[in-house]
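This briefing covers one protein chain, topic by topic. Please keep the sequence and the model open while reading.

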Amino acid sequence: MSARYRTAGFKGYAVKFSPFTDRLLAAATSANFGLVGNGRLCILNTSGHAAPTPQGLHPRQQFDTQDGLFDLSWSEVHENQLVTASGDGSIMLWDITLNNHPVSKWKEHQREVMSVEWNYVAKTTFLSSSWDGSIKLWNPTSPHSLRSFNGHTGCVYTGAWAPRQPDQFASCGEDKSVKLWSVNEPNARPIASFAGHVDQVVSLDWNKYSPELFVTSSTDRTIKIWDIRNPRANIAMFGPFEFPVRRVKFSPFSPNFVATAGYDMSASIWDIRNGSVVFVHDAHTEFVFGIDWSFFHPGLIASCSWDEQIHVFNAPIPQ
């Protein structure tokens with residue numbers, strides 16, 4: 001059973017649970033598949049229960065934007081704030097206790113912003129990555145970015161902070177590469193590069209319990225597990241599949257499980273110990289772009305799709 005909410009007229013690109021409460025969920029959506037038109041940030045109230053019910057999602061408020069939204073990230077210091085990534089190259093900071101307008105707006109990227117992520121450890125900064133090939137470091141109190149990182153050729157799809165190192169992050173992009181960075185590196189160049197995918201690398205996430213490991217997905221239709229101590233080769237590969245996986249997300253409760261959202265219109269849970277699929281949510285009817293785990297209830301997952309639906313469901317995860 002799942003709770004569902006329709007984002008009428010807007011295709012889902014990203015969905016995130018609040019890190020502060022089990023009763024808030026946010027989604028970044030775009031009209032016309034993100035090609036042209038408006039975006040909408042949807043804030044939903046959830047039941048707060050581990051077992052979702054069909055009536056378990058209710059709209060709290062929405063913020064409309066002039067261009068499509070592709071990602072969002074909740075603040076790690078302010079429970080009512082979050083940032084969004086926009087198709088016009090802008091980044092906006094919102095406060096859900098206020099109406100209509102963003103608290104702050106930055107526009108330094110020259111093309112679409114594909115991802116934003118708040119720093120889990122330092123908590124005062126966040127990253128953005130863009131089609132312009134750059135990654136930028138921000139502090140919400142500053143009117144300008146703190147630093148830019150330029151090592152990719154082509155779109156950077158994801159920038160993701162290491163779970164225990166406040167100064168390290170990884171990125172992946174159109175150039176088929178994955179790169180490891182330090183914000184303290186004097187020349188703002190990558191400190192390591194990982195090659196192994198044969199097409200665009202579109203998603204990346206870190207293992208929260210084995211912080212040297214991260215997972216990637218690519219349009220080469222594979223998922224790969226990497227160890228930062230061995231940049232020369234991945235340590236595991238799943239696939240190739242019939243369709244690519246658009247987003248990967250490690251469980252916050254276990255080192256062994258990865259949630260995936262894919263072009264096969266499903267959300268799945270993988271056991272990385274043996275490469276098996278332990279659960280499939282196949283209720284969407286279009287590409288699934290966003291997926292996230294609840295921080296409060298093990299196995300509670302949210303997904304969003306181009307079918308204009310947000311689903312919250314429980315995946316029974318073996319130990």
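What volume does the second largest cavity have? About 140 Å³. The model is a predicted one. Its chain holds 28 strands and 0 helices. The radius of gyration is 18 Å, close to the 20 Å that the globule rule gives for 319 residues, so the chain is as compact as a globular protein of that length.

**Overall dimensions**

- Along the principal axes, the C-alpha atoms of the chain fill a box of roughly 50 × 45 × 35 Å.
- Of the 319 residues in the chain, 59% are buried.

**Cavities**

- The whole structure contains 4 cavities of 30 Å³ or more.
- The largest cavity has a volume of about 250 Å³. Its lining consists of 20 residues, and K16, D71, S115, T158 and R247 are the closest to its centre.
- At least two lining residues of the largest cavity come from each of β2 (11-17), β6 (69-74), β10, β14 (156-161), β18 (201-206) and β22 (245-250).
- By type, the lining of the largest cavity comprises 9 nonpolar, 4 polar and 7 charged residues.
- The second largest cavity is lined by K16, F17, P19, S73, W74, E76, E117, W118, Y120, K249, D292 and F295. This lining divides into 6 nonpolar, 1 polar and 5 charged residues.
- β2, β6 and β10 each give at least two residues to the lining of the second largest cavity, and these strands are also among those that each supply at least two to the lining of the largest cavity.

**Largest pocket**

- The largest pocket has a volume of about 360 Å³.
- Of the 20 residues lining the largest pocket, Y13, F70, M114, W131 and Y157 lie nearest its centre.
- The pocket lining is made up of 12 nonpolar, 5 polar and 3 charged residues.

**Sheet β10-β11-β12-β13**

- An open sheet is formed by 4 strands in the order β10-β11-β12-β13, with antiparallel pairing.
- β10 (113-118) and β13 (147-149) stand at the edges with a single partner strand each, so one side of each is left without a neighbour in the sheet.
- On average, neighbouring strands of this sheet are turned by 20 degrees against each other, direction ignored.
- β12 (residues 135-138) pairs with β13 in the antiparallel sense over 3 bridges, and I135 stands opposite F149 in β13.

- In β23 (residues 257-262), 6 of the 6 residues are buried, so the strand is largely enclosed by the rest of the structure.
- F257, A259 and A261 point one way from β23, while V258, T260 and G262 point the other way; all are buried.
- β22 pairs with β23 in the antiparallel sense over 5 bridges. These two strands form a hairpin with 6 residues between them.
- V248 stands opposite T260 in β23.
- β23 is also joined by 5 bridges to β24 (residues 267-271), and the two run antiparallel. Here T260 stands opposite S268 in β24.
- The hairpin of β23 and β24 has 4 residues between the strands, and in it M265 takes a positive phi near 70 degrees.

Key. Residues numbered from 1 in each chain as written. Predicted model: local features only at pLDDT ≥ 70, side-chain atom pairs only at ≥ 80, totals over all residues. Heavy atoms only, no water. Pairing = 2+ DSSP bridges. Axes fitted to C-alpha atoms, helices over the stretch in contact; angles between N-to-C directions. 1 Å grid on protein atoms, 1.4 Å probe; cavity = no way out; pocket = protein on both sides within 12 Å on 5 of 7 lines; lining within 4 Å. Points joined across faces, edges and corners; volume = space filled by probe spheres on them. Nonpolar A, V, L, I, M, F, W, Y, C, P; charged D, E, K, R; others polar. Rg over C-alpha atoms; globule rule 2.2 N^0.38 Å. Buried < 20%, exposed > 50% of the residue type's maximum accessible area, 1.4 Å probe, protein only.
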